[in-house]
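Please work through the exercises below with the sequence and the model in view.

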Amino acid sequence: MVQVVLPALITDIRRIYDVYFSAFENDSMGRLMVKILFPMEIDDEFRKAHAAGTLAYWHTSPWQYTFKCVDTDTGDIIGMCLGDIYLQERTVEERMNHGVPWLTGAERERAEAILDPLWEVREKLFGGRPYIYCHVIGVDPQHQGRKAGALLVQWGIELGAKANLPVYFESSPSTVKLYKRMGFEQIEEKVVHKAAVLGTEADIEVPLMVKMPAGMGMSFAEWRRASLDKSN
């Protein structure tokens with residue numbers, strides 16, 4: 001039973017997002033985030049429009065990539081990963097926060113109240129400097145426990161090592177231990193989602209994780225200081 005990570009193809013879009021929309025059924029934070037970002041009914045009409053929008057974005061994005069974890073025995077896509085790979089410096093304009101344009105009114109305000117603080121911390125930590133940002137890793141609930149998620153994480157770590165770039169991820173509280181076991185460090189900066197926005201009984205802190213490439217020979221804090229010194 002072999003699993004491999006491959007780039008997602010155009011023909012994979014519907015299946016990739018089948019995985020995405022179902023992956024967080026057993027994770028309270030992930031389930032909540034999907035509901036906030038996509039509060040509409042996830043029916044066939046929505047999925048067609050979403051697939052078309054995803055394809056259009058693939059034609060225009062200079063740095064966002066989608067990957068799939070495939071069971072080679074069956075050919076089934078059992079996991080997915082979405083990430084931005086910033087190999088060069090980016091301008092302020094290129095780093096603009098475009099919010100959540102697929103929503104309107106109170107739904108958009110709520111979603112942006114969740115996502116904007118995450119963007120602000122990324123801007124503070126990295127600015128225009130090159131790094132790898134993992135948006136999401138999802139595994140089909142029927143295949144969870146087969147370490148597909150860990151395989152996708154390891155693929156990202158190896159990419160960071162080859163590119164000599166930090167790999168950054170906003171973890172769910174339930175998966176932070178996995179990332180620590182795989183060598184990620186939890187940084188001091190914090191993002192706390194307020195209960196009033198989430199609709200939960202208590203605030204939820206988002207663990208911010210980073211993995212430095214071994215070849216760089218420095219901690220994340222040292223890398224930040226060196227990068228800031230270089231830019232000044």
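Two exercises follow, each with a worked solution.

This is a predicted model, in which local features need pLDDT of at least 70 and side-chain atom pairs count only at pLDDT 80 or more, while totals for chains, interfaces and linings use all residues. Residues are numbered from 1 along each chain as its sequence is written, and side-chain values use heavy atoms, without hydrogens and water.

**Exercise 1.** Describe the course of helix α4 and its buried residues.

Solution. Begin with the extent: α4 covers residues 105-126, which is 22 residues. Helices are DSSP runs of H or I with at least four residues, numbered from the N terminus. From first to last C-alpha, α4 reaches 30 Å, close to the 32 Å expected at 1.5 Å a residue; the expected span is 1.5 Å times one less than the number of residues.

Next, locate the kink of about 30 degrees at A113, shortly before P117. The bend is the angle between axes fitted to the seven residues ending at a residue and the seven starting there.

Then list the buried residues (under 20% relative accessible area, 1.4 Å probe, protein chains only): A111, E112, I114, L118, V121, R122, L125 and F126. Finally, G127 follows α4 with a positive phi, near 55 degrees.

Notes:
Helices (H or I, at least four residues) and strands (E, at least two) are DSSP runs, numbered from the N terminus. Buried means under 20% relative accessible area, exposed over 50%, partly exposed in between (1.4 Å probe, protein chains only).
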